[in-house]
Amino acid sequence: MAAQTETEIVLYDLACTKNVCFSPTVWRIRLMLNYKRIPYRTVFLEFPDIEPTLKGLGVVPNEAGQLKYAVPAIQHVPTNKYIMESQAIAHFLESTYPDPPLPLSSELGSKIEAQSRTVLGTAFRTSVMPRETDILSPRAQDYFRRTREAFLGRRLEDMLDPDEEEQSWKAAGDGMRAVTELMRTNKAEGPFILGARPSYTDFFIAGTLQCARVVNEGVFQRNMEYAGYKDIYEACLPYMERKD
Ligand SMILES: N[C@@H](CCC(=O)N[C@@H](CS)C(=O)NCC(=O)O)C(=O)O
């Protein structure tokens, strides 16, 4: 646990009209900062401002990735070092602030993350993505619509078809039940995936659910019907109190 109260980390986060963190990827890092009680401050960036801001700060672009510049990004204030990409940030935080420790990977965790991505992928694309514009500023909405519609090849509104949405959640059912059982493997020792203490996979799950919750409570509640997701989300709540 960091003893200092001065800002150690500046967290570059994604802005929304609710003025709280909603990006699932940023949530993983914010959960780490909250769990480890690292003093930090947040800079919220609108979608169209991410690239120019990070470029202006001299952040090294991810030339191999789909996005050259993305949040989360952090500045480690004591060394004035900038890091982008959630995996790289997680490793940096774990090695720089090892107490309390957060296991970043495990065999069970990797399985759960992979299965969760697969089963929730379609349901989230039909339920969360088209509703994201509801919580974006007009400028960010234009950017989001332009980039996502180009990628998906259809209008966001057309994705919000109640029948299609229902169908995608129904199709996710079996997979959700299987992954929720895996999540409860160490139930006897505690509510987290590895038992009594959280690991990065718990933050991956909680961050995804919190994103759904900020975008649309109904979509979030669909996930809470599954005990594994519910247990992890509720166990992570103490580390989600600080949202900005
Ligand atoms: N590979 C990146 C992905 C992060 C990511 O997708 N960030 C989104 C927000 S959730 C973003 O910054 N998007 C910028 C854009 O769409 O231009 C990571 O793991 O950090």
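## Residues with positive phi

R37 is situated in the loop that links α1 to β2 (40–45); helices (H or I, at least four residues) and strands (E, at least two) are DSSP runs, numbered from the N terminus. The phi angle of R37 is near 55°, a positive value in a residue other than glycine. R37 is partly exposed, having 14 other C-beta atoms within 10 Å. A residue is buried with 20 or more other C-beta atoms within 10 Å of its own, exposed with 12 or fewer, and partly exposed in between, C-beta atoms being placed from the backbone.

N80, in the loop between β3 and β4 (81–84), also has a phi near 55°. N80 counts as exposed, with 8 C-beta neighbours inside 10 Å.

## Basis of the model

The model is predicted: local features need pLDDT of at least 70, side-chain atom pairs count only at pLDDT 80 or more, and totals for chains, interfaces and linings use all residues. Residues are numbered from 1 along each chain as its sequence is written.

## Cis peptide bonds

The bond from V71 to P72 is cis, with omega near 10°, and P72 belongs to the loop between α2 and β3 (73–76). D99 and P100 are likewise joined by a cis peptide bond, with omega about 0°; P100 is in the loop between α3 (86–96) and α4 (107–127).

## Ligand surroundings

The ligand is surrounded by 13 residues, of which S23, T25, A70, V71 and S86 are the closest. A residue is near a molecule or strand if its C-beta atom, placed from the backbone, lies within 6 Å of it.
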